[in-house]
Amino acid sequence: MRAVLVLLGAVLPLLAPAGASAANRLPSWQPVPTGVTAQFRGLSAVSGRVACVSGTQGTVLRTVDGGRSWSSVGPPGTAALEFRDIEAFDAEHAVLLSIGPGTDSRIYRTDDGGRHWRQTFQNPDTAAFYDCLAFFDPWRGLAMSDPVEGRFRLQATFDGGRSWHQIPAAAFPPALPAEAGFAASGQCVTTSGPADAWLATGGGAQARVLHSGDGGRHWSAAVTPLPSSASAGVFALAFRTPWQGVAIGSDFANPTAPGPAVALSGDRGRTWRTPPQHPAGYRSGLAWLGGTVLAVGPGGSDLSPDGGRHWTAFDTGSFDTVDCTASGSCWASGEKGRVARLRR
């Protein structure tokens, strides 16, 4: 613990004013009431004032005042859908994903802050199940499905989610038996830079990460040391640069299992290693805050000041996902309408 506190004192100036004690350098979550009970696994932080969350019962909320008030902005007639992922580019433009088998997997886009939505994709294949989406920039993005006929399925957009095009199955290595993604936090696909993307998997004999270095046209697979089963694998990925990444997960059916819950890569996801420490149990969401990594899950929140090698718990509340802006504003969301901002 002393070594971790020394690291915190050296590497976390963003998290506390100079001169604060080691204990006070730990951040905390400041709840921002939403007035609803939906479970929010979708979250997109735009700034310290603007954020969107999405979840069960077709619920989509938007704030433009730092969480003091929320507007319900979900597409009409979608109360039966689960919106597990949302990507907001600014206060007005966002892309929204509902998950599920067959036609329950849909994508919507808004250009006016959620006052109006246009459905731009509806899954026609009963064997497909879309889990999450991510964007390289406001124009190019990817939406990930579980495997169909032994290969992962991916839709690509080049116009900000206004239209989608399926990437050929031959672009992917064969999926393992029972391998799939987890729609737990909207982070089973992630991007970094103009061309690198990664997919997180579990469910099969191995928990793997698939990587593309050309914008999603070709993919290769790497094995991680995380456990894999029907309820275990890699649940979230976050890359600080195209080279430096963190994978997190473990077993949601056994959330206090000893792990390992974290794997690190320094070579664009080609290889993964277990760090000296990891959070105590299953975690489903990840975000970079400068050189610090934040992790959240139903069992609490943790931070690593050294890129994922050592971890310290700082909150015991339940969250499913976390997102931070480039300017250092972080939000988390989860069950029973819980949303919070990071207080440093």
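The model is predicted: local features need pLDDT of at least 70, side-chain atom pairs count only at pLDDT 80 or more, and totals for chains, interfaces and linings use all residues. Residues are numbered from 1 along each chain as its sequence is written, and side-chain values use heavy atoms, with hydrogens and water left out. A search of the whole structure finds eleven salt bridges and two disulfides.

**Largest pocket**

- The largest pocket holds about 930 Å³ of space. A pocket here is an open set of points on a 1 Å grid over the protein atoms alone, where a 1.4 Å probe fits, with protein on both sides within 12 Å along at least five of seven lines. Grid points are joined across faces, edges and corners, and the volume is the space filled by probe spheres set on the points.
- The lining has 36 residues, of which E87, T190, T191, D323 and C324 are the closest to the pocket centre; a lining residue has an atom within 4 Å of a point.
- Two or more lining residues come from each of β2 (40-45), β6 (82-88), β10 (129-135), β14 (189-192), β18 (232-239), β21 (285-289) and β25 (321-324). Strands are DSSP runs of E with at least two residues, numbered from the N terminus.
- By class, the lining of the largest pocket comprises 20 nonpolar, eleven polar and five charged residues. Ala, Val, Leu, Ile, Met, Phe, Trp, Tyr, Cys and Pro count as nonpolar, Asp, Glu, Lys and Arg as charged, and the others, Gly among them, as polar.

- Five of the five residues of β21 are buried, where buried means under 20% relative accessible area, exposed over 50% and partly exposed in between (1.4 Å probe, protein chains only).
- In a regular strand the side chains alternate between the two faces of the sheet. From β21, G285, A287 and L289 point one way, and L286 and W288 point the other way.
- β21 runs antiparallel to β22 (residues 292-297), joined to it by five bridges; strands count as paired if DSSP finds at least two bridges between them.
- T292 in β22 is the bridge partner of L289.
- The hairpin of β21 and β22 has two residues between the strands, and G290 takes a positive phi near 65°.

**Salt bridges**

- A salt bridge is counted when a side-chain nitrogen of Lys or Arg is within 4 Å of a carboxyl oxygen of Asp or Glu.
- R153 and D125 form a salt bridge, with the closest N and O atoms 2.9 Å apart. R153 lies in strand β12 (residues 151-157) and D125 in the loop between β9 (118-122) and β10, so this pair ties together parts that are 28 residues apart in sequence.
- R153 is buried at 16% relative accessibility, whereas D125 is partly exposed with a relative accessible area of 22%.
- R208 and E179 meet in a salt bridge at 2.8 Å, N to O. R208 is in strand β16 (residues 208-212) and E179 in the loop between β13 (165-166) and β14, 29 residues apart. Both R208 and E179 are buried.
- R268 forms a salt bridge with D196, and the closest N and O atoms are 2.7 Å apart. R268 sits in the loop between β20 (262-265) and β21, and D196 in strand β15 (residues 196-200), 72 residues apart. R268 and D196 are both buried.

**Cysteines**

- A disulfide is a pair of cysteine sulfur atoms within 2.5 Å. Counting bonded cysteines along the chain, the pattern is 1-2, 3-4.
- C132 and C188 form a disulfide with sulfur atoms 1.8 Å apart. The torsion about their S-S bond is about -110°, so this disulfide is left-handed.
- C132 lies in strand β10 and C188 in the loop between β13 and β14, so the pair ties together parts that are 56 residues apart in sequence. C132 is buried at 0% relative accessibility, and C188 is buried at 0%.
- C324 and C330 form a disulfide with sulfur atoms 2.1 Å apart. The link of C324 and C330 has 110° about the S-S bond and is right-handed. Both C324 and C330 are buried.
- The sulfur of C52 is 16 Å from the closest cysteine sulfur, in C324, which is too far for a bond. C52 is buried, with a relative accessible area of 7%.

Methods. Helices (H or I, at least four residues) and strands (E, at least two) are DSSP runs, numbered from the N terminus.
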